[in-house]
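The sequence and structure come first, followed by the notes.

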Amino acid sequence: MPVLGLQLMMLKDQINEKGMYEVLRSVRDLDIDAVEVSQVEMTDELIDDLVRGKEDFGVETAAMSASIAPGGNGFALEAEFDRAVEACRRTGSRFLRIGMMPFSAMVSKEACEAWAAEVEPYAARLAEQGVTLCYHNHHVDLIQFDGERIFDIVRRVAPSLLFEVDLHWVQRGGMAPLDMLEAYAGACKLIHVKDFRIAPLSKELYEQFSTDKISMKEFQEHFLNLAQFAEVGQGNMNWPDLLPAAEKAGAEYFLIEQDDTYGRDPIDAIRDSREYLRSIGY
């Protein structure tokens, strides 16, 4: 069974306030076994804390973030390749992950191919070091150019780059997550376990619309943006079917993530997600 972990972007403020070591203590208290590091500066101190956290709490580092050029999320492979490999060796992490391709690479098939071609040598060199580089999707990765999705283009041009599949964003991109897992079986190493709900229509908003205090255009802007990130088990994703399918597709880590908790303490949201997953056998 894949190891259950947490995407630490949910606790980035706590990391900046208290340090990674204390956050890993909280992760252990939540009965979560691994973390994915994202949206924090990869300082030597933070890497030391990941090592200590594994030793003291048994929380392993599932993956850390990387980009190609400096200025992105995590290690900049162009300038920090050796440092990233050393951090993986010290923490025991077998995965680096790219959170998103540059927006400029999403505008055409040629731009996407050029970006994937740039990534492939880094993914191949990391593989030689025992580190798998994965690409994390958003809904935009379901854009099609000449009938080929961005995911397909990346897979064709950069075969050494495997996938971190975010099932929420697959659903939001209009593809059935079960179809995605089947289509990319063998390449789906990391899975973002994130639910998708539709927020209730605001009574106040409806009253404003029905009394002509807001226009149809203003109403539609709200109506078309009711989608929310949800605690796992509190949305509409079919986890009892999805998680076994993800395991069959090759997943090694399931990583709880919720991009926005809408004012809730993220620890409470994580605890709810963890309890739901336990209730279905994870």
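## Helices H9 and H10

In this predicted model, Leu 205, Tyr 206 and Phe 209 of H9 are in contact with Met 216, Phe 219 and His 222 of H10. Sorted by class, the residues of this contact are five nonpolar, one polar and no charged.

H9 spans residues 203–210 and H10 spans residues 216–223; their axes lie 10 Å apart, at an angle of about 160°. Angles over 145 degrees count as roughly antiparallel, and H9 is therefore roughly antiparallel to H10. The crossing of H9 with H10 is left-handed.

## Helices H4 and H5

H4 covers residues 77–91, and its axis comes within 12 Å of that of H5, with a crossing angle of roughly 15°. Angles under 35 degrees count as roughly parallel, so H4 and H5 are roughly parallel to each other. Their crossing is right-handed.

On the H4 side the contact is made by Leu 77, Glu 78, Phe 81 and Val 85, and on the H5 side by Glu 118, Tyr 122, Arg 125 and Leu 126. This set divides into five nonpolar, no polar and three charged residues.

## Helices H5 and H6

H5 also packs with H6, residues 150–157, at an angle of about 40° and with the axes 9 Å apart. The two helices are therefore oblique to each other. H5 and H6 cross in a right-handed sense.

From H5, the residues that meet H6 are Lys 109, Cys 112, Glu 113, Trp 115, Ala 116, Ala 117 and Glu 120. Their partners in H6 are Ile 150, Ile 153, Val 154, Arg 156 and Val 157. The contact of H5 with H6 has eight nonpolar, no polar and four charged residues.

## The largest pocket

The volume of the largest pocket is about 240 Å³. It is lined by 17 residues, and those closest to its centre are Ser 67, Met 100, Met 101, Pro 102 and Trp 115. Trp 115 is also one of the H5 residues that meet H6.

Two elements give two or more residues to the lining: strand E3 (60–67) and helix H5 (109–128). H5 supplies the largest share, three residues. By class, the lining consists of 11 nonpolar, five polar and one charged residues.

Terms used. Residues numbered from 1 in each chain as written. Predicted model: local features only at pLDDT ≥ 70, side-chain atom pairs only at ≥ 80, totals over all residues. Heavy atoms only, no water. 1 Å grid on protein atoms, 1.4 Å probe; cavity = no way out; pocket = protein on both sides within 12 Å on 5 of 7 lines; lining within 4 Å. Points joined across faces, edges and corners; volume = space filled by probe spheres on them. Helix = DSSP H or I, 4+ residues; strand = E, 2+ residues; numbered from the N terminus. Nonpolar A, V, L, I, M, F, W, Y, C, P; charged D, E, K, R; others polar. Axes fitted to C-alpha atoms, helices over the stretch in contact; angles between N-to-C directions. Parallel < 35°, antiparallel > 145°, perpendicular 65-115°, else oblique. Left-handed = near helix turned anticlockwise from the far one by under 90°. Contact = heavy atoms within 4.5 Å.
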